[in-house]
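Here is a protein chain to look at.

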Amino acid sequence: MSDDDPDPSRGGWLRQIGMSLAGPPRDREELVEVLAEAQENQLLDVDALWMMQGVLRVSEQQVRDIMIPRSQMVVIDSDAELAEVRATAAESGHSRFPIIGESRDEVVGILLAKDLLGVEGADGDAFVLDAIVRPAVYVPESKRVNVLLKEFKASRNHMAVVVDEYGGVAGLVTIEDALEQIVGEIDDEYDEAEGANILRQEKNRYQLHALTPIDEFNRYFGTAFSDDEFDTVGGLVMHEFGHMPGRGETTIIDRFQFNVQRADSRRIHLFQMTVLPEGPE
């Protein structure tokens with residue numbers, strides 16, 4: 001037969017022979033190649049391929065690869081008054097908060113923001129945070145992410161405190177952090193809320209969405225970054241990196257330190273930004 005044989009079964013028959021001779025994928029790399037070829041042949045769409053690759057990734061990743069570092073945790077002091085607790089919950093938009101004791105390296109429990117709904121507007125002196133704090137779950141930073149997902153599902157917990165080999169707090173991890181490795185960034189109603197691009201967490205520390213327009217950043221911080229080449233802060237910062245940065249990477253532009261808090265292989269999603277003190281004149 002000629003190479004332009006119109007018989008459609010011929011190509012499938014030859015392909016099956018080739019696959020039988022080659023055998024099944026011998027390692028993860030070959031499996032990824034098979035999946036990519038399936039997508040090219042329109043047996044999978046791009047999103048399905050991305051999620052399958054994500055499932056493979058989480059079996060290799062450790063909690064330390066996806067956790068929120070200790071320096072970026074939004075925490076509440078165990079002796080905080082009710083007004084302070086409510087203010088932190090409202091400003092951060094988070095649903096769970098680690099409660100720290102006298103030692104800054106000690107998480108004594110987890111506060112669920114919804115548990116504040118049942119607390120009446122009592123005076124700060126009458127408020128006892130311990131009464132509504134739930135026990136914290138601890139995981140080592142070396143734990144595999146796929147194992148963590150199974151434990152979250154079995155225990156119905158959504159947050160765990162990550163500890164290092166010495167028992168110190170290294171960070172925290174949520175079920176959302178783990179799932180995002182498979183399905184990509186998960187935006188909730190708070191993420192989409194108007195005006196939530198820039199969120200002040202502490203003095204000189206902010207949570208910043210990568211898609212924040214540069215002109216909005218300039219208005220907020222009184223800066224004059226040009227938006228001729230880039231429309232968003234994410235584009236500006238990625239240009240400064242010179243590559244697609246991974247989670248935890250940091251760069252400094254002018255007096256602003258940008259730490260990548262959430263990113264995937266395609267784009268940056270979220271920064272933790274610190275305004276650095278100005279140097280001497």
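Q: What volume does the largest cavity have?
A: The largest cavity has a volume of about 40 Å³. This is a predicted model, in which local features need pLDDT of at least 70, side-chain atom pairs count only at pLDDT 80 or more, and totals for chains, interfaces and linings use all residues. Residues are numbered from 1 along each chain as its sequence is written, and side-chain values use heavy atoms, with hydrogens and water left out.

Q: What makes a space a cavity?
A: On a 1 Å grid over the protein atoms alone, a cavity is a set of points where a 1.4 Å probe fits but cannot get out. Points are joined across faces, edges and corners, and the volume is the space filled by probe spheres set on them. Searching the whole structure gives one cavity of 30 Å³ or more.

Q: Which residues line the largest cavity?
A: Its lining, meaning residues with an atom within 4 Å of a point, consists of Ile214, Phe217, Phe225, Val233, Leu236, Ile253 and Phe258. Helix H8 (214-221) and helix H9 (233-241) are the elements that give two or more residues to this lining; helices here are DSSP runs of H or I with at least four residues, strands are E runs with at least two, and both are numbered from the N terminus.

Q: Why are H3 and H7 called oblique?
A: The axes of helix H3 (residues 46-58) and helix H7 (residues 175-183) cross at roughly 130° and come within 6 Å. Angles under 35 degrees count as roughly parallel, over 145 as roughly antiparallel, 65 to 115 as roughly perpendicular and the rest as oblique. H3 and H7 are therefore oblique to each other.

Q: Why is arginine 156 called exposed?
A: Buried means under 20% relative accessible area, exposed over 50%, and partly exposed in between, with a 1.4 Å probe and protein chains only. Arginine 156 has a relative accessible area of 73%, so this residue is exposed. Arginine 156 sits in the loop between helix H6 (145-155) and strand E6 (159-163), and its phi is near 65°, a positive value in a residue other than glycine.

Q: Is aspartate 254 buried or exposed?
A: Aspartate 254 has 59% relative accessibility and therefore counts as exposed. Aspartate 254 lies in the loop between strand E10 (250-253) and strand E11 (256-263).

Q: How do you know whether glutamine 261 is buried or exposed?
A: The relative accessibility of glutamine 261 is 6%, so glutamine 261 counts as buried. Glutamine 261 belongs to strand E11.

How values were computed:
1 Å grid on protein atoms, 1.4 Å probe; cavity = no way out; pocket = protein on both sides within 12 Å on 5 of 7 lines; lining within 4 Å. Axes fitted to C-alpha atoms, helices over the stretch in contact; angles between N-to-C directions.
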